[in-house]
Each structure stands twice: as structure tokens, then as C-alpha cells.
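Me: I would like to learn how to read some features of a structure. Please give the general idea each time, and then the case at hand.

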Amino acid sequence: MALQDLCNFGDIFQESVGTARNVTASGKRKSCSYASGVALSNSTSLFHFYIPEAGYLDESPIQFGQISTMQSSSGIPFPEMLPIPSSLPESLPFTSSQAVPLPFPMAHGTTTLAFMFQGGVLAAADTRSSCSGLVACPASQKILPIHSHLVGTTSGTSADCALWKRILSRELRLYQLRYGRRLSTRGAAKLLSHMLHPFKGTELYCGCPCFSGPSLFYVCSDGTRLEGSLFSVGSGSPYAYSILDQGVRWGLTVEEATSIAREAVYRATHRDAYSGNFVDVYHVTSKGWTRRTREDLKEEYYREKERRRLERERRGTALSG
Amino acid sequence: MEYLIGIQGPDYVLVAADNVAASSIIQMKHDYDKMFKLSEKILLLCVGEAGDTVQFAEYIQKNVQLYKMRNGYELSPSAAANFTRKNLADYLRSRTPYHVNLLLAGHDESDGPGLFYMDYMASLAKAPFAAHGYGAFLTLSILDRYYRPDLSRVEAVELLRKCVEELNKRFILNLPSFSVRLIDKDGIHDMEKITLTAK
């Protein structure tokens, strides 16, 4: 019911751009530009808002991998391949389930984790944004609040994650205004999963444990949507999983939970080259989310070294370097 | 990676699926249910590519429910299987093929129990027993050897257990637990999960 309404959202905007139904002024301007700029303005699907103009995709010098491999290998005839611009209006062509080649390997260089316990839901993430081998930003934010009671962690392409977080916030707010109640986490996860489905196969965005008290969902751009009580996503996730599996129980106190989340991210950043710098910890309860001050893991490393040194001295044994 | 199995008896169908939801090398969930209830007496077991399974299975599920709402009676298992196969075939040559392997198990009042094997190429076969996944290579010969058309329910569960034990012994991946369900003229019955400890 809700989704169907949202899918007719395009209709509402096309017909009555001038009405006062829009949430914010900036939203309205944005929607106007979409409605006029996109060549697909007579379509009725919601998703056509999110596709760049057909012209842009056709002219882009960088093949972002959405165009199938078949087109790039020119000599081989494929009778069922339609030219991309004309096929865009009917359907979204990028939903092939085969992996399409990307211009460069985009690893999901991140460690994010989230788990449920008696005190709510805890999420932690590192803050390093990498870009094939260099640290593009050491202090990025990978946990994005969607609304007062829902937080999403992100992994994958930063730009896509930021975009989808904003789209999800907008849709949830619209749902709230229309129906007078907040959409549940399960519903938000389902909504996100359905919105991502047309973009499957483009490695758009992976892993959004989004949660509000108390439930936790893992949503991935390949279409996976799982409910659970412990998830970790990203290149550093195996390292984090092993720490979390040992220590996470339902009966943890908030301090213990924070400490194990920090420890897991720290260990993952120690081993994984693409995770590092700081750690963010968010705690979500029925009263909303709270954020712990960002902590530098470099300090943690030196503190641990110091602790180990003191312990060694105390034990009086000489360990080799 | 994933495993589905179905055994048809004289008046029931026994189906089982593993409970692991994996993402590359990590088991993300240990209690994931791969069976979708299409109607009171039809189950669809679905494995394959990550998002495709849920999307396709839910699509079929909702359409079967819609048929019931529109016409007042439910689709038979055979009709549901053919409908599913038709959808798979239609999408196969589109730009968005669904890479899913399915088992459809159901009980019909007039036709009795039925087990239908479908794969991502939209093939359909009604079979007395069937399995999907790498585990099928290991267990089909056990089914060939011990299956009889007049297996009792207890014997069928025993046969299932033999298959699962073989997987536990020889299959390279760890599949610790399996959901088991039985369909007969009274509907779908949840049976006890088969859980094996590592050898």
C-alpha cells in the first residue's frame, strides 16, 4: 500500500508541481529541476527520478560499467541488444544479474558494525575514506542518522551512500507526513531494498545496517535484506566479526557494549589497510540516538602498546621484539 | 553453497533447506528461512543469487495470493509450478533474468502430493525426489538408492537425515542446521530442525 503510493509519487509531482504538498522549499526546487530536465518526464515510476539524463550516460567518456560488456566488444553481433538511450525509458537496463566490469576495483574499504543488546542498538564505524590506495579523507562520517530513531551505517561508494541516505530520509519523512506514523525499521529496510533493486549489478552501494530500537537490518545493493542482531560490513568485517562473536551477549551494559564495539573496530583497522583513522560509536535507544565523541585510534594503538609494555615489565619476563 | 531437498511420499511431501545466509566468505545469518508459503498447501523453496531469490519468490507468492483473492479458490501446485516456470522463462530472455533455483512442493486434493523441480533456465520437472545446490551431487545417489514410492513419514525423515549426515561428512562447507517442513492434506507442518554438530 505504502510502496504503491510512493511509486505514484512521480505522478503527483508531474501534475501539481506548484501545490504546497512539498515538504521543504529546497525539495520542491529539486523536484522541479528533475521534472523538467529529465527526458523521461512522462514516465510514472518513482525510480526515474534517480537516473541521470539519458544524454549524459550516452556521452560519458568513462564507462561506469552499467553499459554491458557486450557493447564494448564491438565485433560481435548481439541481436537482442538495444541501443542504450532508447531502452532507458521502458526499463532500467542496469539490472542484469551478471557482474559488469568496473573502471577500477571499488573495494568496500570500511569497517562498520552494529549489534543489538539489552540497552538498545549500538553501531560503530571507522572513518577512513579510501580511493584505490590513497586515503581520500581520514575523517569521513560513515554512520548517517536518517531520523531521530533510525541510523544507517554505510559501506561502499561514499557518494552513493550519501545519496541513498538522503533519499531514504526523504521517503521516510513523506511516509510520516502522509500516514501520521513512522515507518518501522523493517519497512524502511524493505523500502530501501526495493529502491536499490533496479540498480543491482552496478555495485552501487553495499551494506546498510539500519536500525531503530530495537531492530537491525542489513541491506545490500545486490538485493540482500536480512534481519539479525549482529552485522558487520566492509573489508574489515571478518576481523570485526571474530572480536564481536566472542564478546557480544544480550546482557551487556552500555559501557561494555561500547568498549567491545570500539575494540572490534580497532582490531579491524589494525589489520585492514582500508579502515582506520577514527572510530564513531552511535547508541540508539527508544529515546533516540546518541553519538559518542569521535576517538582517534592512533592513540588507542599507543595506549595498548604502553599497556603491554607495563604488563611485560610487571611480569618480569623478556619477550622478543 | 545452499542446499534444498524434497522427497515425495504417497500422501505427503517432505522438504528441507539449509539455514545459512552467506555473503562471500561470511555467514551473516544462521537461522534464515528459504521457504516461502504460497498458499495453505504449497511451499516454494528458493535459492540462487542474492536479491533475486527474495524478489522472485515474493513476486510469485503475491501473485498466487492475488489469484485466490480474485477467483475465490487457490491455485493447484501444478498450476502454481507452471505459472512460476512461465515467469522464469519470460524473464530469462529479458535484460533482467532471475538467477534462482526452485523446488515447489504442494498437496492437491485431486492430484495428491507433488514435487516440482525448476531451475534458472526455466526448466520444470515433476519428480519424486529432488535436490539443488552442490550438496545435490552428494545426496542424489543416496536418494536413488533408498527411495521407494511408499515411504512412510518416519522413513522419509530418516532418509533426509542420511542425506544431511553425508553433507556434514563430505561437503566442504559447514551447513549446521536445516529447516524441515512436511505438506499433506492438512496443510504445512513445521518439523523439528535438523541440527548437526561438526564432526
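Me: Which residues are linked in a network of salt bridges?

Reply: A salt bridge is a side-chain nitrogen of Lys or Arg within 4 Å of a carboxyl oxygen of Asp or Glu. In this predicted model, Arg262(A), Arg292(A), Glu295(A), Glu300(A), Arg303(A) and Arg307(A) are linked in such a network. Within it, the side chains of Glu300(A) and Arg262(A) meet with N to O at 2.6 Å. Glu300(A) lies in helix H11 (residues 297-315) of chain A and Arg262(A) in helix H10 of chain A, so this pair ties together parts 38 residues apart in sequence. Over all chains the count is 31 salt bridges.

Me: What conventions apply to the model?

Reply: Residues are numbered from 1 along each chain as its sequence is written, and chains are lettered from A and ligands numbered from 1 in the order in which they are written. The model is predicted, so local features need pLDDT of at least 70 and side-chain atom pairs count only at pLDDT 80 or more, while totals for chains, interfaces and linings use all residues; side-chain values use heavy atoms, with hydrogens and water left out. Helices (H or I, at least four residues) and strands (E, at least two) are DSSP runs, numbered from the N terminus.

Me: Is Glu300(A) buried or exposed?

Reply: Buried means under 20% relative accessible area, exposed over 50%, and partly exposed in between (1.4 Å probe, protein chains only). Glu300(A) is buried at 6%, and Arg262(A) is buried at 16%. In chain B, Arg181(B) forms a salt bridge with Asp190(B), with the closest N and O atoms 2.4 Å apart. There Arg181(B) is buried at 15%, whereas Asp190(B) is exposed at 58%.

Me: What about a buried charge that has no salt bridge?

Reply: For charge, Lys and Arg count as positive and Asp and Glu as negative, while His and the chain ends are not counted. Arg225(A), in strand S9 (residues 225-228) of chain A, is buried without a salt bridge. The nearest side chain of opposite charge, Glu58(B), is 5.4 Å away.

Me: How do the side chains of S8(A) point?

Reply: In a regular strand the side chains alternate between the two faces of the sheet. Ser215(A), Phe217(A) and Val219(A) point one way from S8(A), with Leu216(A) and Tyr218(A) pointing the other way. Five of the five residues of this strand (residues 215-219) are buried, so S8(A) is largely enclosed by the rest of the structure.

Me: How many bridges join S8(A) to S9(A)?

Reply: Two strands pair if DSSP finds at least two bridges between them. S8(A) and S9(A) run antiparallel and are joined by four bridges, and Leu216(A) has Gly228(A) as its bridge partner. The two strands form a hairpin with five residues between them, and Gly223(A) in the turn has a positive phi of about 105°.
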